Amino acid sequence: MFENLLSRIRHLPASGFNEKGPLSADVYAIRGETAWWIFDVGACDEAADFINSLPCEVSADESSAGDSIAGESRDGTARRLQRNIVISHFHRDHFFNLPRVHFDNLYVGRETFRHCDETIRALGTRGCSRSSSSSVTVVESPLQFDDGIRVQIMPIPNSHAKGSLVFVVGDAPARGSSDAPSRGVRDSIAFLGDSTYPTVGHNGPDSYNAQLLLEQIRFLKSLDAKSFIMSHRRFLPREKDTVIQFLEGIYEHRKLGENLIFEF
């Protein structure tokens with residue numbers, strides 16, 4: 001069923017603030033063998049409906065066709081796909097819908113966790129259950145999963161929002177391959193959220209922190225990803241080198257003795 005990585009991705013575009021709804025970030029859902037991996041949940045009704053309506057029942061016929069071996073139970077009946085959510089950062093347009101969507105596993109940065117409502121924080125602090133299996137993981141170091149695709153969740157240095165996460169998905173090595181899970185990736189995409197954007201100057205100009213920007217450039221160079229996708233740019237994968245060169249151009253505008261970059 002899945003010809004390549006892009007064929008696994010569903011996308012709900014970002015929407016601007018208007019009289020009918022709030023500013024809402026792009027929402028991406030990537031189909032793995034056992035779960036939908038969802039990056040950001042938006043803030044509008046349409047985004048919540050998009051996530052809650054993702055098809056989570058895998059039929060035996062679909063499994064036998066090779067779509068999802070893990071989707072079939074031992075007795076050959078349908079099995080439920082989980083919903084695993086990754087939140088890029090704590091700004092309202094990216095995470096506001098969390099209390100309105102159904103999830104099995106939630107991955108957030110420390111700052112985003114602080115902004116979650118009490119019910120969701122309880123999942124991560126006391127082991128309470130929103131459902132029989134819901135859980136929250138606060139991500140402070142890189143995580144990696146093999147779900148028919150390779151999934152990575154990592155903190156990313158940036159000026160835009162403290163505690164931001166980057167979400168990387170890639171085609172996993174073919175079954176029976178001798179390649180390690182972190183090697184042999186044929187295609188890969190890094191979802192960067194708003195992390196390449198500056199700090200929003202609500203009462204002044206936008207700015208980049210020079211030290212954080214340098215750390216971010218080094219981090220992005222180290223990523224095993226061929227393409228980058230930024231939020232609020234629609235579904236337009238950009239070449240890794242192009243994004244890095246853009247950020248390096250901003251870094252060149254730094255001035256001696258000043259930690260903030262205002263000209264870009």
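View 1. Ile149 stands opposite Asp171, a residue of strand 11. Here we are looking at a predicted model, where local features need pLDDT of at least 70, side-chain atom pairs count only at pLDDT 80 or more, and totals for chains, interfaces and linings use all residues. Residues are numbered from 1 along each chain as its sequence is written, and side-chain values use heavy atoms, with hydrogens and water left out. Strand 10 (residues 149–155) and strand 11 run antiparallel and are joined by seven bridges; strands pair if DSSP finds at least two bridges between them. Strands (E, at least two residues) and helices (H or I, at least four) are DSSP runs, numbered from the N terminus. On to strand 12 (residues 188–193): four bridges join this strand to strand 11, again antiparallel, and Gly170 stands opposite Ser188.

**View 2. Strand 11 is enclosed.** Seven of the seven residues of strand 11 (residues 165–171) are buried, so the strand is largely enclosed by the rest of the structure. Buried means under 20% relative accessible area, exposed over 50%, and partly exposed in between (1.4 Å probe, protein chains only). Leu165, Phe167, Val169 and Asp171 point one way, while Val166, Val168 and Gly170 point the other way. In a regular strand the side chains alternate between the two faces of the sheet.

View 3. Strand 7 and strand 8 pair in the parallel sense over four bridges, with Val136 of strand 8 as the bridge partner of Leu106.

**View 4. The largest nonpolar core gathers 28 residues.** Such a core is a set of buried Ala, Val, Leu, Ile, Met, Phe, Trp, Tyr and Cys residues joined through side-chain atoms within 4.5 Å. Ile38, Ile85, Ile87, Leu98 and Leu106 have the most contacts inside this core. Among the elements giving two or more residues are strand 2 (27–31), strand 3 (35–39) and helix 5 (118–125), but the largest share, four residues, comes from helix 1. Beyond its neighbours within four places in sequence, Ile87 is in contact (heavy atoms within 4.5 Å) with residues including Phe95, Leu98, Leu106, Val108 and Leu165.

View 5. The structure holds six salt bridges, each a side-chain nitrogen of Lys or Arg within 4 Å of a carboxyl oxygen of Asp or Glu. Arg80 sits in strand 5 (residues 79–80) and Asp104 in the loop between helix 3 (92–95) and strand 7, 24 residues apart. Arg80 is partly exposed at 40% relative accessibility, whereas Asp104 is buried at 3%.

View 6. Glu111 is buried, at 13% relative accessibility, while Arg114 is exposed, at 52%.
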